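User: I have a structure open and would like to go through it with you. Could you take it slowly?

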Amino acid sequence: MPNDHINSDNNPSQNYNTTDMMQVDTLVGASSPASTENSIHHATVRAADVFALPPAEVCGKCAVVDGTAYRILKSLIDPKELRSKGHTVRLFCGVSAKDDNRVALKFSRARVGAKICDEDPFSEPQIMKDLGAWHGSACSDLTKSSDYVVTMHGWNTDVDEKKEWRYCTLVLDYCNAGDLFSFISESRGLNVSAWSPNNNNVEVAMAVVGLQMLRSAHFLHSKGYAHLDISLENVLVDEEPVGSVEGLSSPRARFGDFGMAHTFDEKTGKTSIGNRRVGKPNYSSPELINANGGEFNAPLADVYAIGVSLFIMLTGYNPYGKASRTDMAFRQVTTKGSKGVSRVAKAYGHEASNEVCDLIGRMLAAEKDRIGVNEAIKHPFFTKCFGSLDNEELSDTSPSGFIMATGLGA
Ligand SMILES: Nc1ncnc2c1ncn2[C@@H]1O[C@H](COP(=O)(O)OP(=O)(O)OP(=O)(O)O)[C@@H](O)[C@H]1O
Ligand SMILES: [Mg+2]
């Protein structure tokens with residue numbers, strides 16, 4: 001599947017135009033019920049303005065994406081993080097003038113002509129289309145994809161007048177509980193009451209979240225993509241009871257942020273990302289960190305990142321300081337299996353079950369020994385927490401530890 005940049009040919013709203021801009025007030029007023037907050041007229045911002053202004057000044061204004069006006073309500077980026085990431089990405093919660101629904105607006109930018117060596121914001125809409133996660137596509141997969149990845153409702157690309165920056169704006173489902181990282185407290189791990197209110201058991205809560213992450217990864221891989229930037233910050237949560245996991249009612253946790261997602265060889269799982277830096281260092285598998293432009297198994301790199309996420313949910317801490325053999329905790333969790341994970345968890349004051357330590361140990365093992373997604377979903381940790389699992393959709397359990405997912409490339 002192509003990992004190409006979005007280009008103007010398949011983008012329905014390449015640039016904001018004057019008509020769009022002039023119609024905003026009409027759009028905002030006309031398409032929402034009278035007397036709602038949207039019937040007030042609002043100034044319009046282009047993506048360039050969003051980066052030029054402090055987030056507080058952007059709020060209250062309107063953005064037009066794909067011909068729909070959105071009133072911007074609040075920034076979703078912690079002010080403390082703005083200095084580090086604010087020059088490339090801004091996130092806001094907004095409300096659609098068309099149907100009054102809440103949305104998230106993701107504004108990204110890159111310098112015109114810059115070599116993309118990290119995240120490529122312009123590939124994200126195409127990837128979401130390939131995943132069947134674009135609301136506008138006549139895609140029968142949408143209902144299914146929305147269980148696993150956020151839905152994209154529209155997008156724009158734009159270039160500023162001086163042709164210095166290009167911009168990409170995505171309109172996404174708004175996940176009202178934010179990201180999974182906000183459910184973690186240091187030294188206590190995952191907030192149990194949010195995920196497993198009736199059990200008061202951190203491992204059951206972890207199983208509820210972990211299974212959703214693994215199923216989301218399975219979905220992504222079945223579409224021919226690996227995420228390559230799985231982290232607690234990139235798992236988005238809807239808090240109202242939106243469903244159940246193996247009979248337990250639970251918030252929905254699914255993947256967002258596909259700027260680093262990449263295709264892979266469907267037979268071997270291998271991919272190469274050249275000199276692009278992918279993933280956050282504390283979630284990246286050693287073979288990904290050391291790839292140096294060479295090949296690595298992309299779906300198994302996602303498994304590793306989910307393993308790190310599970311350890312953080314268990315203890316509230318990263319499993320190790322640095323992915324290096326000189327780091328003792330790294331050696332323990334990546335080479336000593338269940339025992340190593342148990343030892344390091346204990347050092348953080350957590351007694352963990354054999355099952356959860358075994359699962360995490362297998363997920364953090366060397367690539368050649370690492371458990372695949374299908375196998376991980378069927379691991380005794382989940383069957384212990386939930387009893388039997390409803391895994392009908394997984395028809396392929398590949399023996400090699402590689403996760404050849406069903407329907408790959410279909
Ligand atoms: N659809 C959404 N609903 C609610 N919050 C969201 C949504 N999308 C993103 N966020 C919030 O904004 C943060 C940043 O979004 P995103 O991960 O897409 O951007 P990013 O710049 O690629 O971030 P990073 O570089 O940290 O991965 C998320 O971690 C989450 O807290
Ligand atoms: Mg992110």
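User: Where is the hairpin, and which residue in its turn has a positive phi?
Analyst: Strands β3 and β4 form a hairpin with five residues between them, and D100 in the turn has a positive phi of about 70°. Helices (H or I, at least four residues) and strands (E, at least two) are DSSP runs, numbered from the N terminus. This is a predicted model, in which local features need pLDDT of at least 70 and side-chain atom pairs count only at pLDDT 80 or more, while totals for chains, interfaces and linings use all residues. Residues are numbered from 1 along each chain as its sequence is written, and chains are lettered from A and ligands numbered from 1 in the order in which they are written.

User: How many bridges do β3 and β4 pair over?
Analyst: β3 and β4 (residues 102-111) pair in the antiparallel sense over seven bridges, and V95 has R102 in β4 as its bridge partner. Two strands count as paired if DSSP finds at least two bridges between them.

User: And which strand do five bridges join to β3?
Analyst: That is β2 (residues 68-75), which runs antiparallel to β3, and the partner of Y70 there is S96.

User: Is β3 mostly covered or mostly open?
Analyst: β3 (residues 89-96) is mostly covered, with six of its eight residues buried. A residue is buried if 20 or more other C-beta atoms lie within 10 Å of its own, exposed if 12 or fewer, and partly exposed in between, with C-beta atoms placed from the backbone.

User: New topic: which residues touch the most other members of the largest nonpolar core?
Analyst: Y70, M206 and V209 do, in a core of 111 residues. The largest share of this core, 13 residues, comes from helix α10. A nonpolar core is a set of buried Ala, Val, Leu, Ile, Met, Phe, Trp, Tyr and Cys residues joined through C-beta atoms within 7 Å.

User: What is V209 in contact with?
Analyst: Leaving aside neighbours within four places in sequence, V209 is in contact with L180, L190, W195, A253 and M313, where contact means that the C-beta atoms, placed from the backbone, lie within 7 Å.

User: How many residues of α10 are buried?
Analyst: In α10, 18 of its 18 residues are buried, and the helix is followed by G316, whose phi is positive, near 90°.

Terms used:
Contact = placed C-beta atoms within 7 Å.
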